Amino acid sequence: KLKYYFISSFVMIALSSSALLKPSDVIQVAPSETRIMLEEILDFKIDNQLDEYLEAIAKKESTNRPYIVNQLGYIGKYQFHNLALIDAGVVKTKDEAKKFRKKFINSSEEDRIKMWSEADQDQAMINLMKKNKQYLKNYSDYIGKTINGIEITWSGLLAAAHLGGQKHVKEFLESDGKKDFADANGVKISVYLKEFSGYKLIGI
């Protein structure tokens with residue numbers, strides 16, 4: 001309640017400071033951790049592209065098929081493997097991740113969706129993105145810079161981290177793009193950095 005009181009006060013002060021200030025302006029200048037609560041207080045919807053972003057990644061990873069398994073044993077809409085399942089909070093250990101994947105792989109397509117629904121897969125991807133952002137928090141100074149002609153953005157970094165892991169993203173940044181990791185299909189981190197660079201993500 002105290003937090004909401006503080007935020008409400010912040011909103012009222014901001015709104016009263018200028019007759020031309022819109023609710024969206026207030027939200028944009030607020031600290032990132034308070035934006036969601038501000039949105040609820042003002043009953044105002046930010047132009048958040050998270051849903052479009054998730055759909056675009058899912059299309060790239062699995063052509064939006066939540067029941068799919070690829071030839072390397074990556075599963076679901078976003079093609080998760082062991083470490084991603086752990087970081088997303090789906091399981092806690094590597095052994096649990098292996099068991100989860102094995103059960104998924106050995107189930108029918110219908111049972112796979114019952115076991116791990118599309119909504120749960122979406123939430124797992126959001127959790128993974130938040131985890132990767134934590135891993136990359138010390139690299140925020142790169143946001144807005146250009147490497148190999150690619151503008152570095154959070155949406156691009158998080159997509160690249162999903163493709164090749166946060167360690168390889170760090171290597172790309174630290175090497176000024178010279179170390180451009182490619183996954184088993186030959187897709188480079190730079191491809192995801194560029195393709196997914198233009199999304200506004202709120203709440204991640």
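Analyst: A charge sits over a ring if NZ of Lys or CZ of Arg is within 6 Å of the ring centre and within 35 degrees of the ring normal. The model examined here is predicted.

User: How far from the ring centre of Trp 154 is the charged end of Lys 133?

Analyst: The charged end of Lys 133 sits over the ring of Trp 154. Its distance from the centre of that ring is 4.9 Å.

User: Over the ring of which residue does the charged end of Lys 145 sit?

Analyst: The cut-off for such a contact is 6 Å from the ring centre. The charged end of Lys 145 lies 5.3 Å from the centre of the ring it sits over, that of Tyr 142.

User: How many aromatic pairs does the structure hold?

Analyst: Rings of Phe, Tyr and Trp pair if their centres lie within 6.5 Å. The number of aromatic pairs in the structure is seven.

User: What is the geometry of the pair formed by Tyr 53 and Tyr 199?

Analyst: The ring centres of Tyr 53 and Tyr 199 are 5.2 Å apart. Planes over 60 degrees apart count as edge-to-face. The planes of these two rings stand at 70°, so the pair is edge-to-face.

User: How many residues apart are Tyr 53 and Tyr 199?

Analyst: Tyr 53 belongs to helix 4, whereas Tyr 199 lies in the segment after helix 11. The pair thus links distant parts of the chain, 146 residues apart.

User: Is Tyr 199 buried, exposed or partly exposed?

Analyst: Buried means under 20% relative accessible area and exposed over 50%. With a relative accessible area of 24%, Tyr 199 is partly exposed.

Terms used. Residues numbered from 1 in each chain as written. Predicted model: local features only at pLDDT ≥ 70, side-chain atom pairs only at ≥ 80, totals over all residues. Heavy atoms only, no water. Phe/Tyr/Trp six-rings, centres within 6.5 Å; stacked < 30°, edge-to-face > 60°. Helix = DSSP H or I, 4+ residues; strand = E, 2+ residues; numbered from the N terminus. Buried < 20%, exposed > 50% of the residue type's maximum accessible area, 1.4 Å probe, protein only.
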